[in-house]
Amino acid sequence: MPQTKVLQVNNLVTAFRINKQEYPVLNGISFDVAQNETLCVVGESGCGKSVMTLSVMQLLPANGSVKSGSIKLDGQELLGLRENEMGQIRGNKMGMIFQEPMTCLNPLLTIGYQMTEGLRRHDKGLSKKEAEAAALSYLNQVGVSNPEARLRQYPFQLSGGLRQRVMIAMMMSMRPRLLIADEPTTALDVTIQKQVLLLLAKLKRTMNAGILFITHDLGVVAEIADRVIVLYAGRKVEEGTVRQIFENPQHPYTRGLMAAVPNIAEDTFEIRPIPGSLPNIMEPVGGCSFHPRCKEAIARCKSVIPPLIETSPGHMAACHLVGGQTA
Ligand code: SF4
């Protein structure tokens, strides 16, 4: 059944200015996130994943800017909004959770103050007492033990896992339409990571929100994703359901990412990393940007950028070898 699109990104081009010259970091990326859906974005560090989320949130560093394209949240175009309008959207409709929650929590204020102020900003009619009761209820829902005492604590007094739970509780209290999670579990140990992933899945269901989840960890993708996009050097090279991507990866880069993790189910602990590294944005590679690392490259890969081809419904890949294309 078609679901309402929460986020629609179309042909997004983002560039960075370095030494007075502009270098594109995202080259015409399109994707969408429906409500009650988790879209995972995967790729190695430096492939453009985080620039993508920063573009959506419009929190790019001073030397970065969106050059063209469209970013719509619930049908509203975000590009061109003033910073105060964007601030309202980030505070009300977009929830964000990062690898290090301290980037979002104020170290000088107690958890209770930050939660109740956030709740009262969101709902002006809420009294201090009501906001405190709501904060306690949200902390309970995300499984924070002894929530009354936590409200009086400062962020540095909590463990990494507890801080992420507090962040999730704060997000829940906003009832956002879109959650943006950038490597939120990378710094956590496996048990806590699993709990945080379960919480995010619950949050998505109960709030009917969409999740844009950035990770380099395919184990996390298998746990949480409904659909997946694979980025390489600022381009989308594959997109499909989590099943399509794991059972029938079409792009040599996706297959390379899969081979780079041990397969416990098949008892293969051999890890085969992809040789070479991502191209430097200041020295772009012609043709398919993966060709210097691709074992399957053919002559045209050096000069022609492969288009995205749909290989089965909802599954697409950008490679000259898919969809019956030949040299
Ligand atoms: Fe490899 Fe060519 Fe396909 Fe790029 S287009 S992934 S270089 S085979």
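Okay, before the details: what we have is a predicted model, where local features need pLDDT of at least 70, side-chain atom pairs count only at pLDDT 80 or more, and totals for chains, interfaces and linings use all residues. Residues are numbered from 1 along each chain as its sequence is written, and side-chain values use heavy atoms, with hydrogens and water left out.

Let's start with helix α2, residues 83–92. Helices here are DSSP runs of H or I with at least four residues, strands are runs of E with at least two, and the numbering goes from the N terminus. Which residues of α2 are buried? They are M86, I89 and R90. By buried I mean under 20% relative accessible area; exposed is over 50%, and partly exposed is in between, with a 1.4 Å probe and protein chains only. Looking down the axis of α2, those buried residues fall within an arc of 100°, so they line one face of the helix. That arc is taken from the directions from the helix axis to the C-beta atoms. Over on the other side of α2, N84 and Q88 are exposed. And what do the buried residues of α2 pack against? Quite a list: α1 (49–57), β4 (64–73), β5 (76–77), β6 (94–98) and α6 (160–174), with contact meaning heavy atoms within 4.5 Å.

α2 and α6 come up again in the largest pocket: along with β6 and α3 (111–122), each supplies at least two residues of its lining. A pocket, on a 1 Å grid over the protein atoms alone, is an open set of points where a 1.4 Å probe fits, with protein on both sides within 12 Å along at least five of seven lines, and lining residues have an atom within 4 Å of a point. The volume is about 670 Å³, counted as the space filled by probe spheres set on the points. There are 26 lining residues, and G91, G118, R121, M170 and M174 lie nearest the centre. Helix α3 gives the largest share, 8 residues.

Next, rings. The whole structure has 4 aromatic pairs; rings of Phe, Tyr and Trp (its six-membered ring) pair if their centres lie within 6.5 Å, and planes under 30 degrees apart are stacked, over 60 edge-to-face, the rest tilted. Y154 and F156 are stacked, at 6.3 Å centre to centre and 20° between the planes. Y154 is partly exposed at 32%, and F156 is exposed at 57%. Y232 and F290, on the other hand, are edge-to-face, 5.1 Å centre to centre with 75° between the planes. Y232 sits in strand β9 (227–232) and F290 in the loop between α10 (252–259) and β11 (308–312), so this pair ties together parts 58 residues apart in sequence. Y232 is buried at 1%, as is F290 at 3%. Ring pairs link those two and Y253 into a cluster.

On to A181 in strand β7 (178–182), buried at 1%. Leaving aside neighbours within four places in sequence, A181 touches I97, L212, F213 and I214. I97 is 84 residues away in sequence but 4.8 Å away C-alpha to C-alpha.

R175, in the loop between α6 and β7, isn't a glycine either and has a positive phi of about 50°.
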